[in-house]
Structures are given as structure tokens and as C-alpha cells.
Amino acid sequence: MTPDLHLWIIPVLPLVGAAVNGFLGKKFSRQTVTAVALLFSGAAFAMVLLVASRFSSLSVPHVEFLAPWIRAGKFQVDFSFYLDQLSLVMLLVVTGVGFLIHIYAVGYMWEEGGFYRFFTYLNLFMFFMLTLVLASNYLLMFIGWEGVGLASYLLIGFWFTKDSAASAGKKAFIVNRVGDFGFLIALFLLIKQFGSLNFDQVFQSVIPMGPETGGAGLLTAVGLLLMVGAAGKSAQIPLYVWLPDAMEGPTPVSALIHAATMVTAGVYMVSRSHVIFERAPMALTVVAIIGTLTALFAATIGITQTDIKKVLAYSTISQLGYMFMACGVGAFSAGIFHLMTHAFFKGLLFLAAGSVIHAVSGEQDMRQMGGLRTKIPWTFWTMTIATFAIAGIPPFAGFFSKDEILWRAYQVSWVYWFIGLFTAFLTSFYMFRLWFMTFFGEYRGTAEAHEDSGHDLAHDNTRAGAPAPHGHGHGHGGIHESPWVMVIPLVVLAFLSLTGGWIGVPGSLGGSNHFDKFLGPVFHSNIGAGAEGHGLVAPEEKDTERHEPQTGHATELIFTGISVFAGLLGFFLAWQLYYRNPQLPQQIAAGLGSLYDAVVHKYYIDELYATLFVKPLIAGSALILWHGIDQDVIDASVDNGAHGANEVSDSIRHMQSGNLRSYAGWVAAGAAAVIAYMIWMGTR
Amino acid sequence: MNITTFIIVSFIKTVLALFVLLTAVAYTVWLERKVVGHMQNRWGPTRVGPFGLLQPLADGVKFLFKEDLTPPHVYKPLYIAAPIIAVMCALTSIAVIPVGNWITIGGLHIPLQITDVNIGLLIILGVTSLGVYGVALAGWSSNSKYSLLGGLRASAQMISYEISLGLSLVGVLMLTGSFSLRDIVDAQSGTFWWIIPRWNIFYGGQFIAFFIYLMSAYAETNRIPFDLPEAETELVAGYHTEYSAMKFAMFFMAEYANMITVAAVASLLFLGGWHGPVFGPPLLQALLPVFWFVLRIFCFLFLYIWVRGTLPRFRYDQLMAFGWKFLLPLAIANLVVTALVVALRS
Amino acid sequence: MTHLIVFLFFGALCVAGAVNLLVQRHPINSALSLVVVMASLAVEYLLLGAEFVAAVQVIVYAGAIMVLFVFVIMLLNAGEEERTKGSRVALLFGVPGVLVGSVLVGWVLIERTGSQTVSAGALPGAPRTIGWLLFHNFLLPFEVTSILVLIAIMGAVVLASHPDADQGKKEG
Amino acid sequence: MVPISYYLILSGILFACGVTGFLIKRNIISIFMSIELMLNGVNLSFVAFAAQWHALSGQIFVFFVMVVAAAEAAVGLAIIIAVYRTRETLNIDQVDLLKL
């Protein structure tokens, strides 16, 4: 028996923090709120570290039963937690990055109204995310799933007085609903088929089943439906539209929820149920295709965006696409690996972007920036590391994970690999574009003007009482380095995104893929059982996942070189276009004409959805639901019922004359009737 | 004994009892006038016979020959029925009261009691409670405001005090565990601590109950200090203002008969009934208990008269407050204490 | 034999009182006839051996409750009741209903109750046994009724207390 | 020796009289008294059944009925007094409105 880990403490801690801040926060001072929020999230992180330290001594997977929840005959769902390598990695990412972003948010949100509200939501999100990760059955996972949706809705609409923010929150919520619907159906299918939602039981009953090579079967259906859910949550085609708008939320939120953790929930869910997918090749293919397309699609859009956070948002979508591609080609561990590194550098990118925005007093348009290199060196250097990491330049974290994915993708089909490669090139291009536009050239903005404007972050550090490195040293305007509470997380994350990849150095580069081996038990354990008997379960999986790839190191090295070259090419192009001669892009855009417009307008996808779904839906509900059903059926029935009752009682009420003796008469007659009936029954 | 002898004996006993009772009533009136007179430095009746001993006869004759006038606008049937009800109830209750031990006459072993039922006390209570009707109906039927007020007062007062009266008796009942008056009396025979008689008032510690019973009895019989139904200073004569001649006499008799009944019950329940030193020849032995019993009743009646000569009349609200706020709680407390004593003793 | 005679006599008295209650127009006569009914019922109880019940019947019903009625009648000085035609229903449905019901019940009683007879004092309900039952098997109902009575007392006081009496106190 | 059914029939007659009184009486107090009459009839049947089945609990019920009747009389008469104060009438036919 493994030692009792008290896993339940991990999610409960943020919940307590949320409760404390939520109920009492109004009275607290900002310092108290900060203390509470950081204390509980930090404690959760510490707890996770403790668990990790004792992990080696565990018999994995470790299931911790808390309380019975639903006991309906054979169908049983409990509050119980499930810990294995996968969930451990997720735990570390969620709590670690989450904690750093908490720290960062303290500085960033200091001057905002609803300070306590923000941290309440943030802790709440942590709770739900941890529940999602730790859940030992799909239903509990779904609770966390919905919970993070709620938290993200609340946080996107944090500035609910701003109309765009409110509508963005609603959009995110509704789009997620679509995905959750798929998820739910999948759960129902599982219940109907296996009579259980616990991972163990479901997987145990799935493993013996053979792969549905020919046509679609139940597993395929389940897989596809799960994929729908995943697409909704982690913003894949066609449900990605909510993520860019989600940038309306505060930047720490974008970093935590919409880059590092929540959006990766889909990836986690897919790889958690890899057993199902591995037996549904068609579903896997769909996953791969969706991932690939999303990656490319989002990257192309990312090129043209000028809002710094929008760029990052689309890059997030595209990176998620990578992860799904990895899952689709059966390289789940690679997907999770990329998930982790991405959490590091994308979180860092967002935080740095936030710092930049902070520096230039809330300006988000890159065209209004430039030349910030010397003014905010900390942000600059950390952002540089992040950029290199995402661009896949060795030895940064992104390189290893992305390279892993590409290599695996190639082993399935060169198409995946090629698109992935091209996307990598695009990625590095638009990232360096962002980098150059933000930090190089001369300053194009008017921060001085902003200094005393409404949403004024210029004074944050001074009011926050947090000593800013160069805060007041500056000769001119609001441009200043962020307070240390914001810088420290940047540095830590920078360190992580620099070194984070080294735990997964592939064999080809002389490393031994620790990460892959670590996750091995999760993803390999049951392949054999399923695959042995019936021959080809995605053969490439077999030989890649098992032992050293037969293709050999040479080929892999070549591919690595190619992807690195692609990254450098992107850098070079961006350097050409946005550093050497910045007027060139306009000419090119003009040259491309309508295509460029389409890209700028995100391929008019939003408009398309609006015309396809939103408007018909609104019209339909107004016509049918509102006027048709609500007014003509429900209200009408109520009204008619009332009128009917009114008339009936009008006619009957004369019986109730208020004369006691009449009542007595009725009673006597009734009593006589009853007596007669009873006697009749008795004598019969 | 067979049924006929039983009927004969009962008849004799009834006639005897009635005769004795009515005479007693007459002479209680005489006694009262005499005693109160002396208390107030008057002579009281002296003219008719020695010490006016024949005064009651004269009164009776006067009542008989007085014109019996019924005022107009009275509700006739009830106006006539009321005094009859009153006197009937008053006289009925004597039926269950034992006046002494068993005696044997010519082989017949008969109790000195018209009938010995095992719920005698309850019967007395019931009959006295019915006695309210006489007063109330008299007050109402004679269609005069004085009478009506008197009747209302009487009924309210009697109902109120009946409760504490009954509760005061329950203590004794708990001690003896029987409703039969004879059993109750027998339970009080003997002495304790060599000298003190084993009466309930002493032995059972029922002196509080006795006090309550005394008060309630005054109220029940509409005697001073609780004679508000016939408070002559306010209501002329209360419920029998409109009555005259024999009807009035009936109320009169009823009142005094009730007094005697109450006195008898008191002496039976609290004062040890007919117990006392018995000696001499058998006939004397047979009659001495009766004498002791009558003696007690006499003392009790004398107390009545004494109180009448001493105390003023209460105000009505005082009466009600006294009954509800003092006597009733006291009776209940006494009940609880007695119950505890009995429970501990057993 | 004597038993039957006594029964019939007091039963007849009961019925007579009940009918008189109906026909009398003045409430006080009704009340008195009801007292008669109760008193004769007490005798019936005695015949059945329920001596304690009989005594309590006289003391409580005839001695207390009915006195209350008489008291109220005197207080409100209720006169002859005028036979208003307030309710046709009572006559059209009620009275026939009563007749039908009572006839049916009587028939069933005669048919079904068999010819089992009871001798005088069949079931002696001595005060002792009654009390034992009351304080052992029926203790809870007993206590509950005590509470009920308490509530009734308070309710009566509240209801009958003159609404503007306390106002007068306030003013005066 | 009297058949038990006689007692029951007597109680039935009393009850019927009570109901009839409730129906034909106009005076609230008389109606109330008819209710008491019904209760008495029921009591008689209780005692009779007690004698028939040799179960004293029948007589116990009578006591409870009496207690209830007493409480009912107290409250009911109080209500009647209140009604008379407000309506100045005891005729049930004229007391058929909830509000004055």
C-alpha cells in the first residue's frame, strides 16, 4: 500500500483561498488579499512538490478515494483522485506556473478595482484546474472542465463594464458549451457502453478491444466526440474563435488560463484517454489533421496581427495545434512535453507582453511601440529567451519539444511534417516580427500622453511601493521597467524556458529522452495488451514508442537541422522586413492585396460564424422560442389556465355562500353518500 | 337482605335523613341569628318559645301562609323550576353521606347512610355542581337586572371555586385511594404519636387542603365573605330578589342544606368523620359516633357564623383574583407535594 | 328486566331531551334539555358500569360546560331565535342526508351488531383502573390534552377580552 | 340484559338529532349545543363498545372527548361572544361574511 498522500489537500487549498478572499476580501486591504492568494496557491505548489518528492515511492497509478458520490446500482462515481506521471506533470505545470503568475498579477493588478475579486477568481480557477487534472473519472474531470470554463468566463469578463470584455466572456462561454456538449455525449456513450466512468474500469474494458481499422465504431465515435470537447476547450478548428477575443481579460489571465493551463486541458484529456484513441485510428487521424490545420491556420493569421496580445493568442492556438498533431500521430508524451515547455515560454511571453503593455501605459498596438530594448531591459531579455524558445532555436525549450513532434509526425506522414515545418517557420517569423517591432527601431508611441490617461499603469510601481529597477531613472514619460513582483516571475520563467527542454533531449542529440521514459508507463503500459494480438496498430507507434527508432539517428539529425533552419529563416526574414527596412511590409501587403485583407480579417471566420450560426440562431429563437413557444404556448397556457380557473370558480363559488348551515348540509349529504358507499362495499 | 326489605329500609332512612336535615336547617338559621346577634350585642330571636327556640317553626308557618306572587315579565317555567332545582340538589347530596358506623337492628345489619356508593364523593361534587343551575336560572328567569347580575356572579363564582374545591379534595383521595366516603373515614381511624388522632388534617398533612376547601366552600355556598350573588348592599338580594314566600324559603333551605353538606364533607374528609372515644352500653356505643360527627358539623357551622359575624364582603374582582391567582395555584402545589409524599411513602 | 326498564326509561328521556333541544326556540330551553340528556346519559353509563365516566359526565359536562353555555346565554341575553330562511341547501340536501345516513347506520347496527347483550355494570370502570390506564397506557395523550386545555384557556381569554378595553387603559 | 345494539342505536339517534339541530338551528349557541349533543352520542357508543369488547380504553376515549369538548366549549363560546360584539346578532344566517 502506498503512503497516504492527501492529494485532496492540493485542490482544496486554492478553494479555501478563493473562499476567504471571496467572502471577506471586500473588507481586506490589498496586502491581505495578496497574502491570502499567494499563501494558498503557493501552499498548493509546495504540496505538489512534496507529492513529487515522494512520487518515486508510489505504486502508479495511485488512486485516492475521498467519498462516494453517485451510487446508482452498478454505475458508481466517486470523489476520488488519480495520480500518475501524466497528472503529476500537469500538477507541476499548473501549480508552478500558476503560482508565478499569481505573483506577477499582484504587481500587474495592483491599481485595478476589484483586486480581491480577481484573486478570488484566480484561486477558483486553480481549484477547478487541479480537480480536472487529478480526477479519477470522466465525471469529476467534467466538473473541473466546466469549472475552469466558468473561471475563464469570469476572468475574461473581469472588466465587465467594458462591453467588448463582457461579450468576449460570453463568446468564450458559449463556444465552450458546444465543445462540452460533445464531451457530454461522449460520457453518455461511455456510460452506456462500459457502465462506468472511472478511468481504470473504462480502460480495462477498452484494452482488450481491437482497433477499429475498418470504418467507424463506438470507440471512434467516443474519440471524435471527446475531440470536439477538446477542440472547444483548447481552441482548435473550428471552435478556436473565442480565444483571440479572450485577450480582453487582464494579461495575467491570458497567460495563466489562455496560454499555460486551461487551454491545454484538451490535450491533457485526449492523452489521458489515449487508450481509446489508439484503438480508433480514424479519430486519431482527425485529431492530427485538425491539429495540423489549426497550427498552420492560426500561424498565418498571427503574421498579420498588430495587437501584441492577439499575436500571442494566435500563436497559442497554433502551438496547441502542434500538441494535437502530436497526439494525433500517437506521440502523446511529445504532446505533453510540448505542453509543458509551451506553458513555460508562452506564459513568459504573455507576462512579458503584459510588462511591455504595462511599460507603455496600456498600449497594445505594436505599431505604437519599438525601441523599448534599452528602456525595459529585464522584460527585453526575458522576452528574447521566450521568443527563441518558441521559435525552436536550440538549446531553448521549444526546440526540443517541437522537434520531437515534427520527427514523430514525419514517421506517420510527411504531410504532417511539412506543414508542421512550414508552421514552425511562420511561428518564428511572426514571433521575431513581434520582437523586432516591439524592442527595436525607434519608439513610435506616445507614452507621455498616456501617462495621465484613464487606465493609467504609469504610476503602478510608485503606488505599489514596489521599487522598480529603473522606474524613476527615466528621463521621459511613462516608459519604465515593471516592479520586481512582476520581474521575478519573468526571470524564473525565462530560466525554465531556457532549460525546460533539457529533460527531454532526444537520443539523436546524445541525450536520453528522460521525459519520454518518465511518461512511458502511462502511454506504453497498455499498448501491448491491445496491439499485440491484432497486428498493425499504427505500426509507426509501435516501433517508435517501444525502442530506439529504426530510422536511426542520422535521419533524425537531418530533420532537426531542417527545423532549426526553418526557425533561423523566419528570424532572418523578420529581421529583413521589420528591422532593416520597415516600410517593406506595407508594400508586400499591398502587393498581396485581397489575400492579405482576408488574413488580416482572420479569414472572415467570425463573420462567417455570425452569418452561419449566430444570426440564424438569434432570429430562430426570437421567432420560434420567444414568440412561438414562450408566448404562444407557455404564457398562453398559463393565462388560459388562469382564466379557465377564474370562470369555473365563478360558477362554483355560489356553492360557498358563507352560510354555515349550507356547509353543514353539504357535509351531511356527503357523509350520507360515504356511509352508503361503505355499507354497500361491506355488504357486497 | 332481599329487595323489598332493602327498599323499605332505604325509604325509612331517607325520610329520617330528610327530617333531620330540614330540622337542622331550621335550627341552623336560628343558631345563626342568635350567635350573630350576640356577636353584635343584640339578643337575636327571643320572643317565640324559650330563647326563641320555636322561631324556626314560626318562620316556616309564615313562609307557608305568605302570598306567593310571581312578578310580571318573568320567564315562568324556569322561574318556578329554579328554586326546585336548587333545593333538590341541596337535599340530594345528603344521600351518600355516612353519619356513622354500621348498626344492627333486629338482625338487620345496616349502615348509617342512605346509600354507600363507591364514588360517593364524586356524586356529591356532581350534585353540588348541578346546584349552580338553580341560582343561575333564578337570576336569569326573573328578568330583573339585580337578579341577572346575581345569577351571573353566582354561576361564574361557583364554577371558578369548584375547581379549587375539587383539587383540594384530590390530596385526601390520593392518601386513601378511594372515592367511597366510608373508606375515607375508616382510613382516618386510630392515632399516631400515641395521642394525635390520625385525621387527614393532621396525619396526611392536608391542612393546606383543608384551608383551601374552607375558602372554596364559603364561595360555593355563597356565604360571607363571598356572598356576592346576594350582596344586599348592591343587588338588593341578588338572584332571589324577585322571589317570595315558599320559593324564597326553598332557596333559603338550599343554602343552609348546602352549608350542612359542606360541613359534613369537611368533617368526613379532613376531621376524621365520626371517630372518637366510644364507651358505655351498646346502644350508646352505637350512637356515640353519630354524636361526634354531629359535633364536628356543629363546630363547622359555628365557624361559618363566626366568620359571617367577623369578616366584611370582598369585591368581585378580588374574589375572582383570590380564587384563580391564589387558591388554584396553592391547591395545585398542595397536590404536587401530596403526590410526592405518597410516592415516597409507598 | 329492571335493567331494560331503566334503560328504556332514561333512553326515552335522552331522546325526548334531544328532540326538545331541536324544537325549542329559546336557547336556554335547549340548554336545559341538553342538561337533561346529559344527566340521563350519565345513568346509561352507570348501567353500562362506567361509574367514573358517569360521574365525570355529570361534573364536567352538566356541571361545567353546560353552565358555561347558560352563562353565555345569560351574558348575551340571547332571545328567541327567528326562523330565517338562510339556507335552502341545508333543507334540500342536509336533512335528507341525515335521514338516509341515520337509517342506514341504524339498519347496519341492527343487522350486524348481533344480539350480544350486556348485563348491568358489565364492565366496571372503577376510578382506580381508569386512572391506572390513564397514567400508563394513555400517558402521552393525557399530557397532550392538558396542553390542549391550556392553549384553549389562553385562546378563550384572548378572544373574549374586550378589544378596546386595553386601549381605554392606555388612554386613561 | 339489554342488547348492545340498543345502546348503539340510542347513540345513533342522539347523533342524528345533533346533526339535524346543526342543520335547522339558527342560533349559534344552539348549533354549538347540537355539536355537544353529537359528542355525547359518540361517547355513548364508545362506552357501549367498551362494554361489548371488554376494553376499558373505550371509556378512556370518552375522557379525551370530554376534555376536547371542554376546550372547544371554552374557545367556541369566546368566539361566539366576539362574534356577537362585532355583528350584534347570534343568527347564523346573518353571519355569512368573512369581513364586516
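**Helix packing and chain contacts in the predicted model**

In helix α10 of chain B, a kink of about 30° is found at B:L288, shortly before the proline B:P289. The structure described here is a predicted model. Helix α10(B) comprises residues 282–310, and its end C-alpha atoms are 42 Å apart; this agrees with the span of 42 Å that should follow from 29 residues at 1.5 Å a residue. The proline B:P289 belongs to the buried residues of the helix, together with B:W292, B:F293, B:R296, B:I297, B:F300, B:L301, B:Y304 and B:I305. An α-helix has 3.6 residues a turn, so residues three or four places apart point the same way. The cover over the buried residues of α10(B) includes α1 (3–39), β1 (100–105) and α9 (245–269) of chain B.

With 37 residues, α1(B) reaches 52 Å from its first C-alpha to its last, close to the 54 Å expected at 1.5 Å a residue. Its buried residues are B:L21, B:A24, B:V25, B:T28, B:W30 and B:K34. These buried positions pack against α2 (55–65), α3 (76–92), α9 and α10 of chain B. Just after α1(B), a positive phi of about 60° is taken by B:N41.

Helix α3 of chain B contains B:A86. Is B:A86 buried or exposed? The residue is buried, because 30 other C-beta atoms lie within 10 Å, and 20 or more are required for that class. When neighbours within four places in sequence are left aside, B:A86 is in contact with B:G131, B:G134, B:V135, B:M250, B:F251 and B:A254.

Contacts between chains were considered next. Between chains C and D, 73 residues of chain C are in contact with 60 residues of chain D. On the chain C side, the elements that give two or more residues are α1 (2–23), α2 (27–48), α3 (51–76), α4 (88–112), β1 (117–118), α5 (127–136) and α6 (139–160). The largest share, eleven residues, comes from α3(C). By class, this side of chain C has 50 nonpolar, 19 polar and four charged residues.

The two chains are also joined by strand pairing. Strand β1(C) pairs with strand β1 (residues 2–3) of chain D in the antiparallel sense, over two bridges. Within β1(D), D:V2 is the bridge partner of C:V118. D:A78 is buried, because 21 other C-beta atoms lie within 10 Å. Apart from its neighbours within four places in sequence, D:A78 is in contact with C:G155, C:A156, C:L159 and C:A160.

Chain C also touches chain B, with 15 residues of chain C in contact with 17 residues of chain B. Here α3(C) gives the most to the chain C side, with 13 residues. By class, that side has 13 nonpolar, one polar and one charged residues.

Chain D has three helices and one strand, and its elements run β-α-α-α from the N terminus on. Of its 100 residues, 61% are buried. Among contacts in chain D between residues at least 6 apart in sequence, 49% join residues at least 24 apart.

Chain A has 29 helices and two strands. Buried residues make up 52% of its 684 residues. Of the contacts in chain A with a separation of 6 or more, 78% are accounted for by residues 24 or more positions apart. The average pLDDT of chain A is 82, and 90% of the residues score at least 70. Over residues 448–477 of chain A, however, the pLDDT is below 50, and beyond near neighbours in sequence this stretch has 56 contacts in the model. Over residues 526–550 of chain A the pLDDT likewise stays under 50, and the model has 31 contacts beyond four places in sequence for these residues.

Conventions: Residues numbered from 1 in each chain as written. Chains lettered and ligands numbered in written order. Predicted model: local features only at pLDDT ≥ 70, side-chain atom pairs only at ≥ 80, totals over all residues. Contact = placed C-beta atoms within 7 Å. Helix = DSSP H or I, 4+ residues; strand = E, 2+ residues; numbered from the N terminus. Nonpolar A, V, L, I, M, F, W, Y, C, P; charged D, E, K, R; others polar. Pairing = 2+ DSSP bridges. Buried ≥ 20, exposed ≤ 12 C-beta atoms within 10 Å, placed from the backbone. Expected span 1.5 Å × (residues − 1). Bend = angle between axes of the 7 residues up to and from the residue. pLDDT = per-residue confidence, 0-100.
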